[in-house]
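Here are my notes on this one, point by point. Have a look at the model first, then read on.

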Amino acid sequence: MEARMANGKPRAAAASPGNERRRYPRIATTFSAQLRAGGHRFATRVINLSMGGALLEFRVLPSKPKIAVGARVAVEIRSRPLQQTFVAEGRAVLWNTTRGPEPLLAIQFDEITGDSAETLEEMLALASIGLARFRAPTELP
């Protein structure tokens, strides 16, 4: 039985190595994006994407941008094959500087609805199809 909080919403499961805490599955991408924060614009690449947020890489910058965790951000993610741009506002939730030389910023979107949700779903579907091409076959002839 699923645990619920007093407001009736499902309670988040405790973190453990085999227990995913994210609400939405993430899909690896190679989309380009522009991030706006604190009056500045940053070119970035979307490492992974979900209906709830994105992980952004700042490969072209010489150092980590000065964006505080909790800061309000806006992102424009472009898909050339779909000829669409997804635009969302949200907040910075985590800096990951342990993966490699490029700093990674996790952002969480504000609620996505309507046409924006449809555009994001189409981008996720496109990324999922691209990722499937690189998976190893499960059965060998």
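1. Two strands pair if DSSP finds at least two bridges between them. This is a predicted model, so to speak of local features I need pLDDT of at least 70, and side-chain atom pairs count only at pLDDT 80 or more, while totals for chains, interfaces and linings use all residues. Numbering starts from 1 along each chain as its sequence is written, and side-chain values use heavy atoms, with hydrogens and water left out.

2. On confidence: pLDDT is the predictor's confidence in each residue, from 0 to 100. The protein has a mean pLDDT of 79, with 74% of its residues at 70 or more. Residues 1–20 have pLDDT below 50, and in the model this stretch has twelve contacts beyond near neighbours in sequence; a contact here means heavy atoms within 4.5 Å. Residues 132–136 also stay under 50 in pLDDT, and for them the model has zero contacts beyond four places in sequence.

3. Start the sheet at β2 (residues 32–37). This strand is antiparallel to β3, with six bridges joining the two, and the hairpin they make has two residues between the strands. Gly 38 in that hairpin takes a positive phi near 55°. β2 also pairs with β5 (residues 72–79), again in the antiparallel sense, over five bridges. Ala 33 shows both pairings: its bridge partner is Thr 44 in β3 and Ile 77 in β5.

4. Next, β5 and β6 (residues 84–96). These strands run antiparallel and are joined by eight bridges; one of the links is Arg 78, whose bridge partner in β6 is Thr 85. They form a hairpin with four residues between them. Gln 83 sits in the loop between β5 and β6 and has a positive phi of about 55° although it is not a glycine. Is Gln 83 buried or exposed? Gln 83 is exposed, because its relative accessible area is 72%.

5. Aromatics deserve a look. Rings of Phe, Tyr and Trp (its six-membered ring) pair if their centres lie within 6.5 Å; planes under 30 degrees apart count as stacked, over 60 as edge-to-face and the rest as tilted. Searching the whole structure turns up three aromatic pairs. One of them is Phe 42 with Phe 58, edge-to-face at 6.2 Å centre to centre and 85° between the planes. This pair links distant parts of the chain, 16 residues apart: Phe 42 is in β3 (residues 40–49) and Phe 58 in the loop between β4 (53–57) and β5. Phe 42 is buried at 13% relative accessible area, and Phe 58 counts as buried at 0%.

6. Phe 86 and Phe 109 are also an edge-to-face pair, with 5.3 Å centre to centre and 65° between the planes. Phe 86 belongs to β6 and Phe 109 to β7 (residues 104–109), so this pair too links distant parts of the chain, 23 residues apart. Phe 86 is buried at 1% relative accessible area, and Phe 109 counts as buried at 8%. Separately, Phe 42, Phe 58 and Trp 95 form one aromatic cluster.

7. Val 93 lies in β6 and is partly exposed, with a relative accessible area of 28%. Val 93 and Val 69 are 24 residues apart in sequence but 5.2 Å apart in space, C-alpha to C-alpha. Leaving aside neighbours within four places in sequence, Val 93 is in contact with Val 69, Ala 106, Ile 107 and Gln 108. Thr 119 lies in helix α1 (residues 114–132) and is buried at 14% relative accessible area. Not counting residues up to four places away in sequence, Thr 119 touches Gln 84, Thr 85 and Phe 86.

Note on methods
Buried means under 20% relative accessible area, exposed over 50%, partly exposed in between (1.4 Å probe, protein chains only).
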